[in-house]
Amino acid sequence: MSAPAPLTVVLCDDVPELRTLMRFGLEEEGDLRIVGEAGDAASGVSVVTAQQPDAILLDLSMPGMDGLQAIPLLRAASPATVIVVFSGFAAERMAALTQQVGADRYVEKGAEMNLVRDAVRGAVADRHAPDPAA
Amino acid sequence: MRRPDQDQTPPIVPVVPIEPEALLLAVVHSIADAVITADEHGAITMWTGGSEAIFGWTADEVLGLPLTTIVPPEHRDAHLAGVARVRSEGEQHVIGRGPVTLTGLRRDGTEFPAELTLATGLHAGRRFFAAVIRDVTARHAVDAELQMALKELERSNAELQQFASVASHDLNEPLRIVDGYLGLLRRRYAGQLDETADEFIGYAVDAVGRMQRLIDDLLRYARAGAGPAARSPVDLGGLADEAIARLSASIEAAEATIELGDLPTVAADGPLLRQVFQNLLGNAVKFRRDDVPCIVRISAARVDGAWEISVSDNGIGVDDDATLRIFDMFGRGRGAGRDRAGSGIGLALCKRAVEAHGGAIRVLRVTDGGSDFRFTLPDPPGGEGIRA
């Protein structure tokens, strides 16, 4: 039996050094693979539309369209992609708001890398779990 | 020849009785406020020294002139209408009430804020008006200055909070990247670098941690005094317990004993006061003496309409010359050298938080060498603290 195919992830953050760091961090254990990067929300939507990844790691504070505005567009562009918000704003301030508009998870920047990886894996697993309401 | 004993008789001083009316007039004329009377037509009939000083006209010049002489043109119609109303209806709107604020007109044409108290009466069947007018220019100037200062304070507080918010978000961003790459270096190159390199990475990680704490403390400081504290009932004993729990690791490491006395429930901003307890307690444990077991006592007492909370220890104490400075931003006391992780903001934050509750904080020296930090929480208007 071969290992399951890694989950595909798109990174959307305006700071290139942070994207590089997250690429190394997320791919560290082999079960996540970065398939695209975007430096602003609009290109994030394009990359997700093209790649239809399992997940997107999305910054909120970006020049131009911000992450909050991008969430509904991402949902529409690729309904199967889970949205993990990754932001420097305190979760208590922003998490509920992002979930209202369709985000799946909220991780504060500065969290340990394994927590970020777990958030991505958890969000994808939840999405594929049978809907208890169905 | 006159006899000496006759010389010692005190001379008789004749007492001339002063007519009550003359006495009253003398007093009235010496009052610093302008005291002015007018007849039923509004013509000025008395003009005192105070009137002269305030309005610039002498009595000779204004006696017989209409009261409108001292009323700015734009207020004259209203003034005349008022006089007419009082004359015909005896209206009590202004008369006999506390001072009303209006604008006076000086001889040189300048206008000034004034307070007017008005009385009216009948003398020999004819109505007269008596007005006491106080020049409140100076008070208004002070009020205006105070308002300006308050506005400025609000503005600078809001600005500080805004600054701290942006600073903490934007300063943390690159810091997290530094921290992230250091972590990556550590994990990916573990065993490939020598011990010295690992040590260097350790130093860099520590420094990043200190910087992050400094930024967090600055943000807390800015939030602590951004306005009057929000108030809801909080059990100070519970808050102190929470602070103790948060510091449990350092309390255990110091083998410190915390003696928690009875603390009241007060109307206050809970999270802010928990931070105060946490900072004071943290300092008490941090600045302990090495030769005696560390004991910290937390207690409360009623003092002049306020609760006074005391956090006292048997530690290294505070030098006399530092008792004020330690509450300043970055005003670190002796012994702060052993506290490399300290931001120098902790006590400044306590001061700001306590002052946001209308209280004050100070430090006393304890006879055996420790320090006793005391802060007051005055009862909010409308009663004592919630429970003794």
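Chain A of this predicted model contains five helices and five strands, where helices (H or I, at least four residues) and strands (E, at least two) are DSSP runs, numbered from the N terminus. Along the sequence, these elements of chain A follow the pattern β-α-β-α-β-α-β-α-β-α. Of the 134 residues in chain A, 40% are buried; a residue is buried if 20 or more other C-beta atoms, placed from the backbone, lie within 10 Å of its own, exposed if 12 or fewer, and partly exposed in between. Two residues are in contact if their C-beta atoms, placed from the backbone, lie within 7 Å. Among the contacts in chain A with a separation of 6 or more, 62% join residues 24 or more positions apart.

We can now turn to the meeting of the two chains. The contact takes nine residues from chain A and eight residues from chain B. On the side of chain A, four of these residues are nonpolar, three polar and two charged. In this scheme Ala, Val, Leu, Ile, Met, Phe, Trp, Tyr, Cys and Pro count as nonpolar, Asp, Glu, Lys and Arg as charged, and the others, Gly among them, as polar.

Two packed helices are described by the angle between their axes and the distance between the axes. Helix H1 (residues 16-27) of chain A and helix H6 (residues 137-188) of chain B have axes that come within 10 Å and cross at roughly 35 degrees. Axes are lines fitted to C-alpha atoms, for helices over the stretch in contact, and angles run from 0 to 180 degrees between N-to-C directions. From H1(A), the residues Glu17(A), Leu18(A), Leu21(A), Phe24(A) and Gly25(A) meet Ile177(B), Gly180(B), Tyr181(B) and Leu184(B) of H6(B). Six residues of this helix contact are nonpolar, two are polar and one is charged.

Chain B also holds sheets, in which two strands pair if DSSP finds at least two bridges between them. One open sheet of five strands has the order E2-E1-E5-E4-E3 (chain B), with antiparallel pairing. Its edge strands, E2 (44-47) and E3 (100-105) of chain B, each pair on one side only. Six bridges join the antiparallel strands E1 (residues 34-39) and E5 (residues 126-135) of chain B, and Ala38(B) has Phe129(B) in E5(B) as its bridge partner.

Another open sheet, with mixed pairing, is formed by five strands in the order E7-E9-E10-E12-E11 (chain B). Strands E7 (257-260) and E11 (361-365) of chain B stand at the edges with a single partner strand each, so one side of each is left without a neighbour in the sheet. E11(B) runs antiparallel to E12(B), joined by five bridges, and Arg362(B) stands opposite Arg374(B) in E12(B). H10(B) lies across E9, E10 and E12 of chain B, at about 25 degrees to E10(B).

The largest has 50 residues, of which Leu273(B), Val276(B), Leu281(B), Val296(B) and Ala353(B) touch the most other members. H10(B) gives the largest share of this core, eight residues.

Residues are numbered from 1 along each chain as its sequence is written, while chains are lettered from A and ligands numbered from 1 in the order in which they are written. For this predicted model, local features need pLDDT of at least 70, side-chain atom pairs count only at pLDDT 80 or more, and totals for chains, interfaces and linings use all residues.

Note on methods
A nonpolar core is a set of buried Ala, Val, Leu, Ile, Met, Phe, Trp, Tyr and Cys residues joined through C-beta atoms within 7 Å.
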